[in-house]
Amino acid sequence: MQLADLPTRRDEAWKYSDLRAALSGGEDRLVRLDAPRGMSPIVRLAKALANGETTRRFVVDDDGEVWTSRLSEDSGRVTTVVAPVGSSGFIFERLSSWADENTRGGLKLSSAWTEFVVEDHASLTRVVMQSSSTQYEAADIVQLGEATVRLGEGAKFRQFILAEGAKLARIETHVRIEGEGAEVELNGVYLCAEGRHADLTSVVTHVAANSQTRQLIKGVACKGGRGVFQGKILVEKGAQKSDARQYHHGMLLEEGAEIFAKPELMIHADDVACAHGNTAGGLDESALFYMRSRGLPELEARALLIEAFLLEAVPDWVEGEVRAEIEARIGAWLRA
Amino acid sequence: MKLEIDNLHVAVGAAEIVKGLTLAVPAGETHAIMGPNGSGKSTLAYALSGRDGYEVTQGAASLDGVDLLALAPEQRAAQGLFLSFQYPVEIPGLSAIAFLKAALNAQRKARGLEPMAAPALLKLMREKAAALKISDEMLKRPLNVGFSGGEKKRFEALQMAVLAPRFAVLDETDSGLDIDALKLVAENVNALRTPERGFLVITHYQRLLDYIKPDKVHVFAGGRIVKTGGPELALELERDGYDKYLRAA
């Protein structure tokens, strides 16, 4: 694989996340990869990095098997998860990298491709946590993830992603609603400190009628950090009575922070209910003063306001230890 | 707690709004500041609580001898100053319970006190909320988000009751309140009147002063106090308007 095989900002889908630029300097690593052609860059890299390892296949069992996956640096993985008719399962994935004094230097690239097949009346819940070293700079870490989801009749797919970014971290979710009455929820939070880039990209295609999509993405960026949200909802001609809502709200915490958003609704059916909203702004200074006037120190008032802003995107179904970890990570990030 | 303001000048941008205001509210007293709309009453309130953009260019303000102007807004709160906002701000995602817990314990920390434990705090909040006819459900909703004007003012009164400040500035507490809500809020303010606590009530209309009876009334026009009198002064203003003071200013 060559650097030239990878997309740049001149490719529409990658215009805010220049993969070629992020991997430049990693030519030696790429050249050793044998990537199949004709697929998306993330899938190609996942297959190549998986190093001939066969596709792992999981079937959600009757008890709603909990499947946990951890993908660390310099590796690839291709996985298929099937939720059979009527089943329900929970998926927890970590995309984590860490650099320490010994492993510092040089490109660390990981890519994961996961295919989800959610059969009729089955329900899958997925939580993804993307993080990279906090102890050392994340400058050399590139983390990629792509999920391809197919939904049957009355099927349900719920997802929450927490992304802390890296030199470049991009998590794509592609959902095809093939059965009537399916429900999709795609929420996420990104936290982009200085030098971090986090990209949440999704495409939901409503093929069948009477289906619902709910999406709420929130994120914050500091000076020198970049957050990207690209969300496309495509309602095909036959997908009447589709109900889709997509919201993205970004908060620029400092001058020099960057947030890019590309929301897209493409509707080819005539009897649908669709709404979207997209904002990017700073912290509400009047709210900050209000809180300080009640005795909250400025840093704590800021942290509480931003925390409250972000936690609205964490769905109620994220519970227990997973929720505790997400809240702790957000809280620690804001108070770092 | 005694509030002393001496020759205070406040500028917002290039415009000087408060132009030499002098006022003393002794402990245990309630004073009213009345003035026409746009006279800078809220500017005074914001300057006292330390809002950015409200620049004190001259003069002094102190609470029991502590220089307020040298302190950050949160430090003024820790000194016991409370501002009831004319337009309370929406705090999305943070319930009144969470907000008040954080605020009260931040103030206690600044005063060197242990944080109040959650059960005791919740009990205190519920008790004060009940007096203001605020339901448990309302306490759990994001503070001020989608609240009516009256609900917001009741929540300001709730915060004041829970935080138990030593001096409170009430900025246009009557605006947006119907008569029943006004009476309720006034009752709760009156319940907080003690020989130690002082109040500065800023209002445009005399109506509020029927329910929160002031010891003194100050007329604020042209950026300074132009007349001081007893409660009867409020009645005179209600009858004759502010015209004669505006001309004098």
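Analyst: Helices, of at least four residues, and strands, of at least two, are DSSP runs numbered from the N terminus. The model under discussion is predicted.

User: How many helices and strands does chain B have by that definition?

Analyst: Chain B contains ten helices and ten strands. Its radius of gyration is 18 Å, close to the 18 Å given by the globule rule for 249 residues, so chain B is as compact as a globular protein of that length. The C-alpha trace spans about 55 × 40 × 35 Å along its principal axes.

User: What share of the residues in chain B is buried, and what share of its contacts joins residues at least 24 apart?

Analyst: A residue is called buried when its relative accessible area is under 20%. Of the 249 residues in chain B, 52% are buried. Taking contacts between residues at least 6 apart in sequence, 69% join residues at least 24 apart.

User: How long is α4(B), and what lies on either side of the helix?

Analyst: Helix α4 of chain B runs over residues 118–131, which is 14 residues. From first C-alpha to last it reaches 20 Å, close to the 20 Å expected at 1.5 Å a residue. The helix is followed by B:K133, whose phi is positive, near 55 degrees. With a relative accessible area of 47%, B:A117 is partly exposed. B:A117 and B:N105 are twelve residues apart in sequence, and their C-alpha atoms are 9.2 Å apart in space.

User: Is A:N187 in chain A buried or exposed, and which backbone atoms does its side chain reach?

Analyst: A:N187 has 7% relative accessibility and therefore counts as buried. Its place is in strand β10 (residues 183–192) of chain A. The side chain of A:N187 reaches the backbone nitrogen of A:L216 at 3.1 Å, and also the backbone oxygen of A:A313 at 3.1 Å. Beyond its neighbours within four places in sequence, A:N187 is in contact with residues including A:Q159, A:F160, A:I161 and A:R214.

User: Where in chain A does A:H268 lie, and what does this residue touch?

Analyst: A:H268 is found in the loop between β15 (258–267) and β16 (273–281) of chain A. A relative accessible area of 48% makes A:H268 partly exposed. Not counting residues up to four places away in sequence, A:H268 touches A:L234, A:V235, A:E236 and A:K237. For A:H268 and A:L234, the separation is 34 residues in sequence and 7.9 Å in space, C-alpha to C-alpha.

Methods. Residues numbered from 1 in each chain as written. Chains lettered and ligands numbered in written order. Predicted model: local features only at pLDDT ≥ 70, side-chain atom pairs only at ≥ 80, totals over all residues. Heavy atoms only, no water. Expected span 1.5 Å × (residues − 1). Rg over C-alpha atoms; globule rule 2.2 N^0.38 Å. Buried < 20%, exposed > 50% of the residue type's maximum accessible area, 1.4 Å probe, protein only. Contact = heavy atoms within 4.5 Å. Polar contact = N/O pair within 3.5 Å; in protein donor to acceptor, adjacent residues only side chain to side chain.
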